[in-house]
Amino acid sequence: MFIAFYRASKFAVQNFWRNVWLSLMTVSILLLTLLSINVLLVLNVVTDRAITYVEQRVDVSVYFYETVTEDQLTSVVSYLRTLTQVKDVQVVTAQEALARFQTQHEGDEEILQSLNEYGGNPFGSTLVVQAYHVDDFDFIISALDHPDYEEWIREKDFSNYQDIINSIEASTDRVRWFGYGLSGLFLLITALIVFNTVRMGIFIHREEIGIMRLVGASSWFIRSPFLLEAILYSFLATVLAGALLYPILLQVEPKVDAYFGSVTGLTVYFIQNGLWIFGGQFLLLALLNMIATTFAMRRYLKI
Amino acid sequence: MIRCKNISKIYHPDIVALKNVSLHIQPGEFVSIVGQSGTGKTTLAKLLFAEERPTKGVIEIGGWDISKIPNRDIPVLRRQIGVVFQDFKLLPKKTVGENVAFALEVSGERPKRIAEVVPQVLRIVGLGDRAHRYPHQLSGGEQQRVVIARALVHRPKIFVADEPTGNLDTLNTREIIDLLLRINEFGTTVVLVTHNREVVNALKKRVITIDHGEVVSDVEEGRYRI
């Protein structure tokens, strides 16, 4: 069995070298397919990281009227902390809000003068509420519509963040669908190219195949070099895709990080999950190529 | 050894290659199948190693009915039947030794066994000193002997030679026929398909004559009579 496998592998490698240009063209198309799939994967990772980044910073600011006392504020905080959806509640007192405003507009004489003309502290206390998940904010906001508290609350601010997330999702969804389409097209082209390569291989080796049949080679032995060749194409394309993707990621990652203002960890993600990512891609490609090879053999290899 | 019962072969749509052919070849026999071109000789040879299947009738090889042989069993049959054709069917990029070894390699034979068998059969066919030459460096007769060596590596019980001397001159023809006779002396059943009158007449062996797809004569020590 081992000897037969070794010889079938040897014939597969011979087939590869005897039609080296055809083989290289096939591997190139497989490589393009894998690169398009990996670009899609990078996009997914970046989108996920971007959304997580935004979600981690999403909070609801609950603005209270200046008249609300510290005890009343504490009761709202206690109530919010009983909610399982709430991760954290930060209290910004009226004095702190005033101080922050003054710091923010330090150089703006006009605003500071207006503040002085007002004569007191125009700010009420504010609660900054963080949730475990962005979907929980609707519940938290509706919980704040509690009859005991709604008279104290001037405003609840959340909508902007949802817009940002929606905008990220909408734009990446468009690119993602384009990526799916492109990858699907490449996969189809890949299958056709492999089909044609096997067809050419069968034609070129027709004499050898005829002799194999004549001297008693099993149909498995005659077919297996073509299947192994398909696996070889997939393996080479996967290795090349990994080898090309790594330096590209090293170049792209700082720019993506700078854009999002955070560490996306793209390269680390691909290194940590490389075995699954490239192993999976190799298996997918090998399976597709073996199916295309089987069809080509059924059509052109008469045993 | 070989038994054909009422076999017919009809190619689509209605070309009759063989019609109700019945014959029985004993183990160790040397049989010439003769006839003019297009009479069905090669079709009969192809039926013997399951390259073709009969439309009707039964073919038994050593008691094994191969008329409806499943594809998976064909390699097993072919390792028991050595086949030689007029066109040599050698791989031009392989040496003589590699061409002969190829038959064993594709059958999953161990390298040690291949290293033993290949020089043996090359010596039998008189090419012991040509193992490293390429087919284009050999004469037509030598090339045909390589093909015979390749067919012998499985130690077949039956040897089917379809016009093995068709491309050879008189001297090489004589050498190939002598080689087939030697193979027959070892106990192998030889079926020689030919339309070479001199060869058949010189052999003085059993001759089966086919005409228009039918056996018209079967003579124990026959001559070419068409």
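In which helix of chain A does A:Phe270 lie? In this predicted model, A:Phe270 belongs to helix 10 of chain A, which covers residues 266–272. A:Phe270 has 20 C-beta neighbours inside 10 Å and therefore counts as buried. Leaving out residues up to four places away in sequence, A:Phe270 touches A:Leu245, A:Leu249 and A:Ile277. A:Phe270 is also 9.3 Å from A:Gly242, C-alpha to C-alpha, although 28 residues separate the two in sequence.

A:Ile248 is located in helix 9 of chain A. Its count of 15 C-beta neighbours inside 10 Å is the reason why A:Ile248 is classed as partly exposed. Between A:Ile248 and A:Thr267 the C-alpha to C-alpha distance is 9.4 Å, and the separation in sequence is 19 residues.

The packing of two helices was examined next. Two packed helices are described by the angle between their axes and the distance between the axes. For helix 2 (residues 20–57) and helix 11 (residues 274–300) of chain A, the angle is about 135° and the axes are 12 Å apart. Helix 2 of chain A is therefore oblique to helix 11 of chain A. The crossing of helix 2 and helix 11 of chain A is right-handed. Helix 2 of chain A contributes A:Leu30, A:Leu34, A:Ile37 and A:Leu41 to the contact, while helix 11 of chain A contributes A:Ile277, A:Gln281 and A:Leu285. Sorted by class, the residues in the contact of helix 2 with helix 11 of chain A are 6 nonpolar and 1 polar, with no charged residues. A:Ile277, on the helix 11 side of this contact, is also one of the residues touched by A:Phe270.

The two chains also meet each other. The contact between them draws 16 residues from chain B and 15 residues from chain A. On the side of chain B that touches chain A, the elements giving two or more residues are helix 2 (74–78) and helix 3 (96–105) of chain B. Helix 3 of chain B gives the most to that side, with 3 residues. The residues on the side of chain B that touches chain A comprise 6 nonpolar, 4 polar and 6 charged.

Helix 3 of chain B is largely enclosed by the rest of the structure, because 9 of its 10 residues are buried. The buried residues of helix 3 of chain B are B:Val96, B:Gly97, B:Asn99, B:Val100, B:Ala101, B:Phe102, B:Ala103, B:Leu104 and B:Glu105. They pack against elements of both chains: helix 1 (2–18) and helix 8 (206–214) of chain A, and helix 4 (111–124) and helix 5 (140–152) of chain B. Helix 8 of chain A has buried residues of its own, namely A:Glu208, A:Ile209, A:Ile211, A:Met212, A:Arg213 and A:Leu214. After helix 8 of chain A comes A:Gly216, which has a positive phi near 95°.

In soluble globular proteins, nonpolar side chains tend to be buried together. The largest nonpolar core of the model contains 107 residues. The residues with the most contacts inside this core are B:Leu48, B:Val100, B:Val121, B:Ala149, B:Val160 and B:Val191. Helix 9 of chain A, residues 219–260, gives the most to the core, with 10 residues. A second, separate core has 14 residues, including A:Leu73, A:Leu127, A:Ala131 and A:Phe137. In the case of B:Val121, the contacts apart from neighbours within four places in sequence are B:Val100, B:Ala149, B:Leu152 and B:Val153.

Most residues other than glycine have a negative phi, and most peptide bonds are trans. The bond joining B:His12 and B:Pro13 is a cis peptide bond, with omega about 0°. B:Pro13 sits in the loop between strand 1 (2–11) and strand 2 (15–25) of chain B. In strand 1 of chain B is found B:Asn6, a residue other than glycine whose phi is positive, near 50°. B:Asn6 is exposed because it has 12 other C-beta atoms within 10 Å. B:His212 is not a glycine either, and its phi is positive at about 50°. B:His212 occupies the loop between strand 9 (206–211) and strand 10 (214–219) of chain B. With 14 other C-beta atoms within 10 Å, B:His212 is partly exposed.

Technical notes:
Residues are numbered from 1 along each chain as its sequence is written. Chains are lettered from A and ligands numbered from 1 in the order in which they are written. This is a predicted model: local features need pLDDT of at least 70, side-chain atom pairs count only at pLDDT 80 or more; totals for chains, interfaces and linings use all residues. Two residues are in contact if their C-beta atoms, placed from the backbone, lie within 7 Å. Helices (H or I, at least four residues) and strands (E, at least two) are DSSP runs, numbered from the N terminus. Ala, Val, Leu, Ile, Met, Phe, Trp, Tyr, Cys and Pro count as nonpolar, Asp, Glu, Lys and Arg as charged, and the others, Gly among them, as polar. A nonpolar core is a set of buried Ala, Val, Leu, Ile, Met, Phe, Trp, Tyr and Cys residues joined through C-beta atoms within 7 Å. Axes are lines fitted to C-alpha atoms, for helices over the stretch in contact, and angles run from 0 to 180 degrees between N-to-C directions. Angles under 35 degrees count as roughly parallel, over 145 as roughly antiparallel, 65 to 115 as roughly perpendicular and the rest as oblique. A crossing is left-handed if the near helix is turned anticlockwise from the far one by less than a right angle, and right-handed if clockwise.
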